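Please examine the model shown here. The discussion asks on what grounds its features are described as they are.

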Amino acid sequence: MTCSVSQVWMIAGSEIAGYEITKSSQQQLLVRNTNENHEKRNVGDGHAHARFAANMAISGSDNRPNACCLVIRWNSWNRFGCDVSEKLIKETADAMVSTGLHKRGYKYVNIDDCWGESTRDNKGNLVAKKSTFPSGIKALAHYVHSRGLKLGIYSSAGFYTCSKTMPGSLGHEEQDAETFASWGVDYLKYDNCYSDDSRPTVRYPVMTRALMKTGRPIFFSLCEWGDMHPALWGFPVGNSWRTTTDIGDNWISMVSRADLNSYYAGLARPGGWNDPDMLEVGNGGMTKNEYILHFSIWAISKAPLLIGCDLRNASKETIEILGNKEVIAVNQDPLGVQAKKVRMKGDAEIYAGPLSGYRVAVLFVNRAQYRSNITAYWDDLSMPRNTVAKARDLWQHKTLRHKFVDKMTVTVDSHACKMYILKSIS
């Protein structure tokens, strides 16, 4: 799949987050608020932020990756926390290849917090922790790249990272960005701990500029926890933004993050994605059906698919869930439209969204403690009445023999889902 750079970064004259950006005959940037309710959104210094976006657009600097296509990846935090090492990262890269997940699109192996020494060196540079990363991050990146994968790293827009075991990047943005680029890093998760109490809308764009200045495409993931609604301002700043606080490996935590993320469905688009946090699939706190539902909601919501389990010891069942190529294809669809909740009735929910090729992805979710029949009506799915449609079951990997007109009713087990692609045949 190829994506143009123009899809990744806004250009002058576009309208992003309620601001119209133009250029005067004197080459000066003019920013006009086009949303009367913008100030009611509580998104911080919007005008300064829009000026920043406009400056980046006019400058012609565009070193961001082709983030119109979602990247899917593995991250160390959910399973390992601070118990992270060079050995773990290498073995995980090997496992991503040996399980075949790299062929399903998983390309990034991301180191989360606790990878660095507690202090910078005498030149002010971040330093990899000698006891756990003895070869250094540059050598590790080389190894990961040799496996056909990419390496991600972590920092925070504060004085310390969230574990408080190593320095953050506040005040060192350009220096750290250059360090990451020199190491061959391909992705940066940027957390929000131990700041100077300035707004994220002020701190995060500084790192955006620093990353772009390096000339290396580095995917920029904003981990702001959804505090100031980054879906409203994140597009000119990063490639994805957290819409929620950290997820836990249990049913309530998972569905609550899905609910929060769905509020911002209309703001995701190619180049900027809502992120409800990592996948818990394979960590043991939910049932198989709940993990299938978890993966399906994240996929249809165009959320980053971020594996959070131990891939080295993952079960066949876990690999089958994470590697479902038909569900992944919905997540990676080039149209890039996040599905929305189109119907809620009691504990029954329906997510639906358009796909390329005039198709519709539909997810039936049963949050009840008992089996339920759930009906999707064509009106809910923005399909014309009397349309005859065929349905492809993405978990059974088969096209249903029955054809559907005006509606589709399915039976769904407790805490489970069914996922289909509908295509009109008349």
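The following questions and answers set computed values against their definitions.

This is a predicted model, in which local features need pLDDT of at least 70 and side-chain atom pairs count only at pLDDT 80 or more, while totals for chains, interfaces and linings use all residues. Residues are numbered from 1 along each chain as its sequence is written, and side-chain values use heavy atoms, with hydrogens and water left out.

Q: What is the average pLDDT of the chain, and over which residues is the pLDDT below 50?
A: On the scale of pLDDT, the predictor's confidence in each residue from 0 to 100, the chain averages 87, and 84% of the residues score at least 70. Over residues 1–64 the value is below 50. Where pLDDT is low, the predicted coordinates should not be read in detail.

Q: Why does phenylalanine 235 count as buried?
A: Buried means under 20% relative accessible area, exposed over 50%, and partly exposed in between (1.4 Å probe, protein chains only). Phenylalanine 235 has 7% relative accessibility, and therefore counts as buried. Its place is in the loop between β8 (219–222) and β9 (240–242).

Q: What makes a set of residues a nonpolar core?
A: The term denotes buried Ala, Val, Leu, Ile, Met, Phe, Trp, Tyr and Cys residues joined through side-chain atoms within 4.5 Å. The largest such core has 88 residues, of which Ile89, Tyr106, Trp115, Ile137 and Phe295 touch the most other members. Helix α8 (residues 288–300) supplies the largest share of this core, 8 residues. A second, separate core of 21 residues includes Ala352, Ala389, Val410 and Tyr420.

Q: Why is α5 called oblique to α6?
A: Angles under 35 degrees count as roughly parallel, over 145 as roughly antiparallel, 65 to 115 as roughly perpendicular, and the rest as oblique. The axes of helix α5 (residues 173–183) and helix α6 (residues 200–214) cross at roughly 40° and come within 8 Å. α5 is therefore oblique to α6.

Q: Which residues of α5 meet α6?
A: Contact means heavy atoms within 4.5 Å. Glu173, Glu174, Ala177, Glu178 and Ala181 in α5 meet residues of α6, including Val206, Met207 and Ala210.

Q: Which residues of α5 are buried?
A: Among them are Asp176, Phe180 and Trp183. The buried residues of α5 pack against α4 (137–146), β6 (150–156), β7 (187–191) and α6.

Technical notes
Helix = DSSP H or I, 4+ residues; strand = E, 2+ residues; numbered from the N terminus. Axes fitted to C-alpha atoms, helices over the stretch in contact; angles between N-to-C directions.
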